[in-house]
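Subject: Structure handover

Hello,

Here is the structure I promised to pass on. Please open it beside this email and follow along.

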Amino acid sequence: MADSKRKVRPSIKALIVSEGRLLVTVNSDETDEFYLLPGGGQDFGESMVETVHRECREEICCEVVVRDLAYVRDYIGSRHEFADWDSDFHQIEMAFWCDLAPGQVPAMGVIEPDQFQTGVAWVPLDELSDAPIYPAELKTWLLEDASARRTYLGPVN
């Protein structure tokens with residue numbers, strides 16, 4: 001029987017690609033620097049699109065135009081390299097293709113940046129293989145032929 005106190009956290013992300021580059025938030029913890037897509041936890045009563053808008057304002061100081069769903073993935077902490085401290089965490093991440101609204105220039109969030117966020121960056125797609133990005137699956141998924149990309153990435157990190 002499942003532990004009723006454990007919950008699955010919905011996380012909504014913005015997948016912004018422009019001029020052959022991917023927009024990421026730059027983050028640091030006690031061990032390394034890593035990149036994430038802008039976005040985060042969906043609040044109760046908030047639509048996914050509303051979450052993307054709020055999170056982009058908070059993390060990259062930009063308004064965005066939300067397009068179609070890009071992918072869904074499970075992050076199940078007990079199955080990944082962070083299991084020692086993340087084993088009770090389960091997140092379902094949904095990423096939407098987005099564009100920056102006209103005139104928007106990404107910058108470090110000043111309203112409510114994430115705890116580990118230290119900046120924003122554009123990563124050239126041809127340099128993704130060496131980038132410390134999560135989910136790491138994006139390194140190959142973004143370079144696949146668009147017609148062959150699957151929507152559900154599975155329980156990947």
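Two strands pair if DSSP finds at least two bridges between them. Helices (H or I, at least four residues) and strands (E, at least two) are DSSP runs, numbered from the N terminus. This is a predicted model, so local features need pLDDT of at least 70 and side-chain atom pairs count only at pLDDT 80 or more, while totals for chains, interfaces and linings use all residues. Residues are numbered from 1 along each chain as its sequence is written, and side-chain values use heavy atoms, with hydrogens and water left out.

Strands first. β2 pairs with strand β3 (residues 33-36) in the antiparallel sense, over four bridges. Within this pairing, Asn 27 has Phe 34 in β3 as its bridge partner. A hairpin of four residues joins β2 to β3. β3 also pairs with strand β8 (residues 133-134), this time in the parallel sense, over two bridges. There, Leu 36 stands opposite Tyr 134 in β8.

Now the cores. A nonpolar core is a set of buried Ala, Val, Leu, Ile, Met, Phe, Trp, Tyr and Cys residues joined through side-chain atoms within 4.5 Å. Buried means under 20% relative accessible area, exposed over 50%, and partly exposed in between (1.4 Å probe, protein chains only). The largest nonpolar core has 19 residues, and Leu 22, Tyr 71, Trp 141 and Leu 142 touch the most other members. Two or more residues each come from β2 (21-28), β5 (64-76) and α3 (138-141). β2 gives the largest share, three residues. A second, separate core holds 14 residues, including Val 52, Ile 60, Cys 62 and Val 72.

Two residues are worth a look for their contacts (heavy atoms within 4.5 Å). Leaving aside residues up to four places away in sequence, Trp 141 touches Leu 15, Ala 70, Tyr 71, Trp 97, Arg 149, Arg 150 and Leu 153. Val 123 lies in strand β7. Val 123 counts as buried because its relative accessibility is 8%.

Next, helix α1 (residues 48-60). From its first C-alpha to its last, this helix of 13 residues reaches 17 Å, close to the 18 Å expected at 1.5 Å a residue. The expected span is 1.5 Å times one less than the number of residues. Buried residues in α1 are Thr 51, Val 52, Arg 54, Glu 55, Cys 56, Glu 58, Glu 59 and Ile 60. Their cover includes β1 (9-18), β2, β4 (39-41), β5, β6 (90-100) and β7 (117-124).

Last, salt bridges. Each is a side-chain nitrogen of Lys or Arg within 4 Å of a carboxyl oxygen of Asp or Glu. The count comes to 10. Arg 54 bridges to Glu 55, with the closest N and O atoms 3.0 Å apart. Both residues, Arg 54 and Glu 55, are buried. They also belong to a network of salt bridges that links Asp 43, Glu 46, Arg 54, Glu 55 and Glu 58. In another bridge, Asp 99 and Arg 67 have their closest N and O atoms 2.7 Å apart. That pair links distant parts of the chain, with Asp 99 in strand β6 and Arg 67 in strand β5, 32 residues apart.

Best wishes
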